[in-house]
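Biologist: I'm new to this one. Can you put it on screen and walk me through it?

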Amino acid sequence: RTRVHEYGGGAYVVDRGTVYFSNYADQRIYRHDPGSAPRAISPAKDMRYADAVIDRARNRLICVREDHTGKGEAVNKIVALNLDGDDVDGSATILVTGNNFYSNPRLSPDGTRLAWMAWNHPNMPWDGSELWISVLNADGSIRTSQRIAGEIEESIFQPEWSPDGTLYFVSDRTDWWNLYHWRSGQAEPMQ
């Protein structure tokens, strides 16, 4: 179980029989291979992790990290951790930063694009949130980013990529929750 944003979120992901999970007791990410004891792949620091997705091509786990090591409010980012546990020293790769909150990092099926949600105080995600897409370089770093939906008074949720690379999401831009897709550079309602 994870305590990211205090109310939790995606606490585990499974890939090829291996489970990667947030351990409630210490909020670290653990890797549990079949027939082996779980082992930590994130540092023993006051950080929380949630909503992970596997980036198999780059041997990493992309997730939301909430950093409680400083004074004041926690700092949220989207980071990448090496699947083998090489980041236990705290050297995770920071992919996205700058907003108060993040959720739903989602990697496209071909591994070339990353989508995520972001929002800022005083909003909660159901009040107003944004959906972003970035193009990734071959090494997994962010090349370009663009907000494709959402704003202060529009709420977005449940972004997911289809197998053909179309991004689907739900928006309340018409004051009703409706399904949209992002294709050819436009957010269009599903009909």
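Biologist: Are Arg106 and Asp51 buried or exposed?

Modeller: Both Arg106 and Asp51 are buried. Buried means under 20% relative accessible area, exposed over 50%, and partly exposed in between, with a 1.4 Å probe and protein chains only. Some ground rules: this is a predicted model, where local features need pLDDT of at least 70, side-chain atom pairs count only at pLDDT 80 or more, and totals for chains, interfaces and linings use all residues. Residues are numbered from 1 along each chain as its sequence is written, and side-chain values use heavy atoms, with hydrogens and water left out.

Biologist: What do the side chains of Arg106 and Asp51 do?

Modeller: They meet in a salt bridge, 3.3 Å from N to O. The pair links distant parts of the chain, with Arg106 in strand β9 (residues 101-107) and Asp51 in strand β5, 55 residues apart. A salt bridge here is a side-chain nitrogen of Lys or Arg within 4 Å of a carboxyl oxygen of Asp or Glu. Strands are DSSP runs of E, at least two residues, numbered from the N terminus.

Biologist: How many salt bridges does the structure hold?

Modeller: It holds 9. One of them joins the side chains of Arg31 and Asp84, at 3.4 Å from N to O. That pair also links distant parts of the chain: Arg31 is in strand β3 (residues 29-32), Asp84 is in the loop between β7 and β8, and they are 53 residues apart.

Biologist: Why does Arg31 count as buried?

Modeller: Because its relative accessible area is 14%. Asp84 counts as partly exposed, because its relative accessibility is 37%.

Biologist: Back to β5. Which strand is Asp55 in, and what is its salt-bridge partner?

Modeller: Asp55 is in β5, which covers residues 47-55. Its side chain meets that of Arg58 in a salt bridge, 2.9 Å from N to O. Asp55 is buried, at 1% relative accessible area, while Arg58 is partly exposed, at 21%. Elsewhere, salt bridges that share partners join Arg31, Asp33 and Asp84 into one network.

Biologist: What else is Asp55 in contact with?

Modeller: Leaving aside neighbours within four places in sequence, Asp55 is in contact with Arg60, Ile62 and Leu107. Contact means heavy atoms within 4.5 Å.

Biologist: Which sheet holds β5?

Modeller: An open sheet of 4 strands, in the order β5-β6-β7-β8, with antiparallel pairing. β5 and β8 (93-96) are at the edges with a single partner strand each, so one side of each has no neighbour in the sheet. The twist averages 35° from one strand to the next. Two strands pair if DSSP finds at least two bridges between them.

Biologist: How many bridges join β6 to β7?

Modeller: There are 8, between β6 (residues 60-67) and β7 (residues 75-82), which run antiparallel. Arg65 stands opposite Lys77 in β7.

Biologist: And what is the order of β13, β14, β15 and β16?

Modeller: They form an open sheet of 4 strands in the order β13-β14-β15-β16, paired antiparallel. The edge strands are β13 (156-161) and β16 (186-189), and each pairs on one side only. Here the twist averages 25° from one strand to the next. Strand β15 (residues 178-183) is joined to β16 by 4 bridges. Tyr180 has Pro189 in β16 as its bridge partner.

Biologist: New topic. Where is Met124?

Modeller: Met124 is in the loop between β10 (113-119) and β11 (130-136). It is partly exposed, with a relative accessible area of 31%.

Methods. Axes fitted to C-alpha atoms, helices over the stretch in contact; angles between N-to-C directions.
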